[in-house]
Each structure stands twice: as structure tokens, then as C-alpha cells.
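Subject: Structure handover

Hello,

Here is the structure I promised to pass on. Please open it first, then read my notes below.

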Amino acid sequence: MPTTAKWRFAGSSCDLRVVRMNEIKAFIDGEGKAVIKCPECHEVRRVDVTGYAKLERFVRFNVKCPCSNTYKVVLERREYFRRQVQLTGMCLIQNGAQGVDVYIRDLSRKGLRIELMKDAEITLGEKVMVEFRLDDEKRTLIRKDAVVRSMRGFHIGLEFFSIDPHNVYDKALGFYLM
Ligand SMILES: [Zn+2]
């Protein structure tokens with residue numbers, strides 16, 4: 001499949017975060033590939049974007065589809081990519097007074113989505129601490145403060161309270177998500 005042919009960097013200097021009309025949003029996966037879909041013929045392609053991953057936070061480029069349609073893609077950089085995971089861990093709530101066993105459903109450098117194993121009193125905006133081990137070779141421990149950003153039943157969206165490239169857990173997460 002000629003996935004890398006016929007697309008090029010658009011080089012726009014305006015606010016790249018704004019997704020305009022006729023633009024497709026794509027994310028970089030764990031292998032440095034982005035899945036993009038032509039809005040005309042709906043052909044799905046997985047293109048190698050490792051060269052773009054280190055550039056800006058957002059990258060915009062054009063794709064010329066074999067169906068002759070040309071469309072724009074906004075690529076979101078790797079660190080915001082959510083990786084689906086099957087991990088378990090602990091969420092400490094109410095200032096650490098209660099620990100709840102959780103499944104970890106996805107993970108990014110910004111935060112994670114968890115599912116509670118049992119009912120617990122969690123409030124939107126609450127600061128919690130999550131602790132879990134990655135499924136890498138060393139089963140690396142991650143321990144991060146996070147803020148509750150969304151709640152839907154037992155599904156909770158958490159955003160890390162801080163991201164520090166020198167923090168040992170942030171480093172481990174970054175390596176895991178590469
Ligand atoms: Zn097409």
C-alpha cells in the first residue's frame with residue numbers, strides 16, 4: 001500500500017489548533033502512524049508521520065487521495081495521543097482517605113480515563129491521586145495527582161495536575177507512549 005505518497009506539509013503559520021471546515025483531525029498512534037480517512041470516498045489510510053511527530057504541537061498537511069480529492073489533515077502530536085490500555089490501579093479520593101480499585105482504559109501524557117470497580121463518591125473538579133503499574137517489562141510504577149474532568153457512571157476522565165518533563169513518572173509515561 002503506497003501510504004506515504006502524495007501528501008505534503010502545508011506549512012501554515014496561523015493558529016493550527018483551529019480545525020477548519022473540510023479538515024480531518026488525526027492522531028499519531030503508538031507506532032508513529034496516523035489513520036486518515038478521505039471525506040469524499042472514505043478510503044482509510046494509515047500514513048507514517050514519525051517525521052512530523054517532533055515538530056509542532058499541531059501539524060496541518062494536505063493529502064491527495066487516489067480518488068483525486070485533496071483534503072487537509074490536522075495532526076495532533078504524540079504526547080496528546082491516547083493509548084488504549086488494559087491496566088488496573090488505585091485511585092485515592094477524598095484527600096487520600098479512600099482508595100478505589102480502578103481499571104485504566106486509556107492513557108496519555110495529559111491524563112487518563114479510568115473505570116471504577118465499585119461505586120465511590122467522587123466529585124467533578126476533585127483532586128485525586130492515581131497509582132498503577134504499566135505493562136512494560138519493568139512493570140513501572142506511575143503515581144500522579146490528577147483532577148476529575150469528566151464523569152459518566154463509573155467512567156472518570158482525569159487530567160494530570162502537573163506535567164513536568166523531569167518528573168520520573170512523566171518520563172516513564174512519555175517513554176511508554178512513544
Ligand atoms: Zn478519496
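Which strands form the closed barrel, and in what order do they run? The barrel has 6 strands, in the order 7-8-9-12-11-10, and the pairing is antiparallel. Strands pair if DSSP finds at least two bridges between them. Neighbouring strands of this sheet are turned by 45 degrees against each other on average, direction ignored. The axes behind that angle are lines fitted to C-alpha atoms, and angles run from 0 to 180 degrees between N-to-C directions.

First, some ground rules. This is a predicted model: local features need pLDDT of at least 70, side-chain atom pairs count only at pLDDT 80 or more, and totals for chains, interfaces and linings use all residues. Residues are numbered from 1 along each chain as its sequence is written.

Now the overall layout. The protein has 2 helices and 12 strands. Both are DSSP runs, numbered from the N terminus: helices are H or I with at least four residues, strands are E with at least two. From the N terminus, the order is β-β-β-β-α-β-β-β-β-β-β-β-β-α.

Strand 7 (residues 83-93) and strand 8 (residues 98-107) run antiparallel and are joined by 9 bridges.

Next, the cores. A nonpolar core is a set of buried Ala, Val, Leu, Ile, Met, Phe, Trp, Tyr and Cys residues joined through C-beta atoms within 7 Å. Buried means that 20 or more other C-beta atoms lie within 10 Å of the residue's own, with C-beta atoms placed from the backbone. The largest core has 18 residues, and among those touching the most other members are Cys91, Ile104 and Val130. Strands 7, 8, 9, 10, 11 and 12 each give two or more residues to this core. Strand 8 gives the most, with 4 residues.

What does cysteine 91 contact, leaving aside neighbours within four places in sequence? The answer is Val100, Val102, Ile114, Val128 and Val130. Contact means C-beta atoms, placed from the backbone, within 7 Å. A second, separate core of 10 residues includes Ala26, Val47, Phe61 and Val74.

Last, confidence. The mean pLDDT (the predictor's confidence in each residue, from 0 to 100) is 82 for the protein. Strand 10 is highest at 97, and strand 1 (residues 7-9) is lowest at a mean of 41. Over residues 1-18 the pLDDT is below 50. Where pLDDT is low, the predicted coordinates should not be read in detail.

Best wishes

Terms used:
Buried ≥ 20, exposed ≤ 12 C-beta atoms within 10 Å, placed from the backbone. Contact = placed C-beta atoms within 7 Å.
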